[in-house]
Amino acid sequence: MIDITLENFQSELIDGSMTTPVLLDIWAEWCGPCKQLGPVLEKLEVEYAGRFTLAKLDADKVPQISEQLSQMFGVRSIPFCVMFKDGQPVDGFVGAIPADQIRAFLDKHVPPGDEDAPPLDQEVSAQQALAEGDTQGALEKLQHAVATDPANDDARFDYVKLLLQEGRTDDAKVAFAPVIAKTSLVRRFDSLQRWMDAIDFAAPAAGAAPALADLDSRIAANKRDFDARFDRARLLMAARRWTDAMDELLDILMRDKSWNEDLARKTYIAVLDIIEPPKVKVADGQIPPDDPTVASYRRRLSSVVLS
């Protein structure tokens with residue numbers, strides 16, 4: 001990424017675009033959408049690995065250039081991005097548009113990638129972004145993975161799960177809708193559905209959800225009030241108190257292993273699916289380590305079910 005000034009406009013933007021396409025991002029410090037778009041463009045420059053150069057121009061500091069380009073394209077707002085090729089502005093777009101739309105724009109103008117190179121693993125990249133605290137970047141990578149391969153169940157699971165973790169329940173339901181019919185076939189999709197059901201139970205569209213205190217009173221009066229225990233587990237799931245939810249479900253299983261057509265066991269397994277972190281990469285022939293919490297609660301389930 002380079003900053004464009006009056007001094008380097010010719011060398012970096014005009015002359016530079018003779019060999020490599022240059023995308024000029026016209027922005028300003030006071031512009032909120034500009035600040036949203038900037039990080040997306042920077043990630044795309046890395047993703048495209050040298051197939052284009054990102055340049056930035058502060059409209060307040062270099063108004064001569066920004067006003068000339070705005071007049072040329074008939075644009076009156078920012079952020080405004082202009083693609084330069086062969087020393088000329090050839091195309092542009094306005095606004096903080098989504099990353100997928102920017103990719104489509106770039107693909108019209110930049111040279112194709114190396115077909116022999118291995119494809120970018122968006123799921124691995126997303127996990128790396130999460131490890132670095134870049135949740136938005138991870139969401140964009142997973143969204144791209146799902147958009148380019150709708151049959152990628154792993155990417156869709158990770159995408160919907162991350163949306164739910166970010167509290168974006170409506171977006172998660174939209175992303176989940178294309179595979180909702182597969183919940184009986186793909187266990188992890190069934191697990192996501194159970195989590196979304198718990199969220200809806202805790203925050204119903206109409207009426208009020210039971211309070212934990214009321215459920216505690218019912219359970220204190222009758223240890224075998226499994227409906228109250230299950231409702232309590234769902235409230236705990238919605239609050240992401242995962243181990244507390246599994247403890248409640250275990251209390252049901254210890255008293256009735258097959259209660260309500262295995263509802264407690266299936267919900268317990270759903271929680272394990274949700275909280276299990278991605279497997280870390282290890283050398284060939286080695287087995288990746290289990291998460292200690294997941295491993296412990298798997299053993300507790302087996303002990304109860306097999307006893």
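This is a predicted model: local features need pLDDT of at least 70, side-chain atom pairs count only at pLDDT 80 or more; totals for chains, interfaces and linings use all residues.
The model contains an open sheet of 5 strands, arranged in the order 1-3-2-4-5 and with mixed pairing. Strand 1 and strand 5 (88-94) are the edge strands, each of them pairing on one side only. In general terms, strands of a sheet pair through backbone hydrogen bonds, and the pairing is either parallel or antiparallel.

Strand 3 (residues 53-58) is largely enclosed by the rest of the structure, because 5 of its 6 residues are buried. Strand 1 (residues 2-3) runs parallel to strand 3 and is joined to it by 2 bridges, while strand 2 (residues 22-27) pairs with strand 3 in the parallel sense over 6 bridges. Individual positions can be followed across these pairings: Ile2 stands opposite Ala55 of strand 3, and Ala55 is also the bridge partner of Leu24. Asp25, in turn, stands opposite Lys56 in strand 3.

**Aromatic pairs and charges over rings**

The structure holds 8 aromatic pairs, and a pair of aromatic rings is described by the distance of the centres and the angle of the planes.

Phe230 belongs to helix 11 (residues 226-238) and Trp259 to helix 13 (residues 259-275), so their pair ties together parts that are 29 residues apart in sequence. With a relative accessibility of 9%, Phe230 counts as buried, and Trp259 is likewise buried, at a relative accessible area of 12%. These two residues are also members of a cluster in which ring pairs link Phe226, Phe230 and Trp259.

As for the other pair in the table, Tyr268 lies in helix 13 and Tyr297 in helix 14 (residues 292-306), so this contact, too, ties together parts that are 29 residues apart in sequence. Both Tyr268 and Tyr297 are buried.

**The enclosed space**

When the whole structure is searched, 1 cavity of 30 Å³ or more is found, and the space within the largest cavity comes to about 70 Å³. The elements that give two or more residues to its lining are helix 2 (32-47), helix 4 (99-107) and helix 6 (135-148); of the contributing elements, helix 2 gives the most, with 4 residues.

Which residues line the largest cavity? The lining is formed by Val40, Lys43, Leu44, Glu47, Ala99, Arg103, Gly137, Glu140 and Lys141. By class, these lining residues divide into 3 nonpolar, 1 polar and 5 charged.

Notes: Residues are numbered from 1 along each chain as its sequence is written. Side-chain values use heavy atoms; hydrogens and water are left out. On a 1 Å grid over the protein atoms alone, a cavity is a set of points where a 1.4 Å probe fits but cannot get out, and a pocket is an open set with protein on both sides within 12 Å along at least five of seven lines; lining residues have an atom within 4 Å of a point. Grid points are joined across faces, edges and corners, and a volume is the space filled by probe spheres set on the points. Ala, Val, Leu, Ile, Met, Phe, Trp, Tyr, Cys and Pro count as nonpolar, Asp, Glu, Lys and Arg as charged, and the others, Gly among them, as polar. Rings of Phe, Tyr and Trp (its six-membered ring) pair if their centres lie within 6.5 Å; planes under 30 degrees apart count as stacked, over 60 as edge-to-face and the rest as tilted. Buried means under 20% relative accessible area, exposed over 50%, partly exposed in between (1.4 Å probe, protein chains only). Two strands pair if DSSP finds at least two bridges between them.
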